[in-house]
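This report goes through a protein chain for a reader who has not seen it before. The sequence and the structure come first, and the description follows.

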Amino acid sequence: STSLAPQSLVSDLPRLQAMALRNRPDLRTLQVIEEQAAEQTALANVETKPNVTVSGQYSHADTAFDQFGFSASGAVTPIRDHVDSAGVGISIPLTTSRRNRGNIEAGIARQASAKLRRSYLEAAIPTQVEAAYQRWRAAKDAADVLSNGVIAQSEKNLSVMRQAYNLGELRLLDILNEQRRLMDTELTY
């Protein structure tokens, strides 16, 4: 019979629970969602502040006219105009303290929801690990009992029955039935 003994598994339940809390992807996802909700709330808070806008502009225009005029020396010259202009502007929107309040409250609600879901999962993970650990221990104990007690005893019974058959004390059918029982026990194992 082949051994179904599990490979070396850490039997320290607190360590397994700590590993699960560190490595569970669903818990990490909830932590990221919680961080994202906090950032969205911070962004909504920042958006309540007025956006001050400073602007500047410069323009240059050359224009020419179809008419002629006289220069300072009295000569006829085309009329032209050069205009350079510069401007500066400041824009300050007038807002109230209630600006973006809905987005802020929605962000706070998302953050609280993610925190509650994360807290629940952090509390549930150790219990889930403990339940899986107990199932593993029970399966290991059952495999040990079958391996060390039941199968070994069934093999001994079959050996004794074969000797009794060789001495003419039992029928072939009895040997076959005992082999079937041993195979059933090994399949159960």
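A residue is called buried under 20% relative accessible area, exposed over 50%, and partly exposed in between, with a 1.4 Å probe and protein chains only as cover. By this scale Ile90, with a relative accessible area of 63%, is exposed. The model is a predicted one, in which local features need pLDDT of at least 70 and side-chain atom pairs count only at pLDDT 80 or more, while totals for chains, interfaces and linings use all residues. Residues are numbered from 1 along each chain as its sequence is written, and side-chain values use heavy atoms, with hydrogens and water left out.

**The strands**

Helices (H or I, at least four residues) and strands (E, at least two) are DSSP runs, numbered from the N terminus. Ile90 belongs to strand β2, residues 76-91. Strand β2 runs antiparallel to β1, and 15 bridges join them; two strands count as paired if DSSP finds at least two bridges between them. Across this pair, Ser59 faces Ser85 of β2. The hairpin of β1 and β2 has five residues between the strands, and Gly74 in this hairpin has a positive phi near 100 degrees. Strand β1 covers residues 53-70, and of its 18 residues one is buried, so the strand lies largely in the open. In a regular strand, side chains alternate between the two faces of the sheet.

Ile90 also takes part in a nonpolar surface patch of about 560 Å², together with Val52, Val54, Val88 and Ile92. Patches are made of residues with over 30% relative accessible area and no salt bridge; like charges are joined within 9 Å, and nonpolar side chains (Val, Leu, Ile, Met, Phe, Trp, Tyr) within 5 Å. Accessible areas come from the Shrake-Rupley method with a 1.4 Å probe, and for residues only the protein chains shown count as cover.

**Helix α3**

Helix α3 (residues 101-166) has 66 residues and spans 94 Å from its first C-alpha to its last, close to the expected 98 Å. The expected span is 1.5 Å times one less than the number of residues. At Leu146 the helix α3 bends by about 35 degrees, the bend being the angle between axes fitted to the seven residues ending there and the seven starting there. After α3 comes Gly168, with a positive phi near 85 degrees.

**Salt bridges**

Nine salt bridges are found in the whole structure. A salt bridge is a side-chain nitrogen of Lys or Arg within 4 Å of a carboxyl oxygen of Asp or Glu. Three of them are listed here.

| Pair | N to O distance |
|---|---|
| Arg118 and Glu122 | 3.0 Å |
| Lys140 and Asp144 | 3.6 Å |
| Arg180 and Asp184 | 3.2 Å |

Arg118 and Glu122 both lie in helix α3, four residues apart, about one turn of the helix. Arg118 is buried at 14% relative accessible area, whereas Glu122 is partly exposed at 29%. These two residues and Glu34 are linked in a network of salt bridges.

Why are Asp144 and Lys140 separated by about one helical turn? The reason is that they are four residues apart in helix α3. Asp144 is partly exposed at 32%, and Lys140 is partly exposed at 28%.

In helix α4 (residues 172-188), Asp184 and Arg180 are also four residues apart, so about one helical turn separates them. Asp184 has a relative accessible area of 37% and Arg180 one of 43%.
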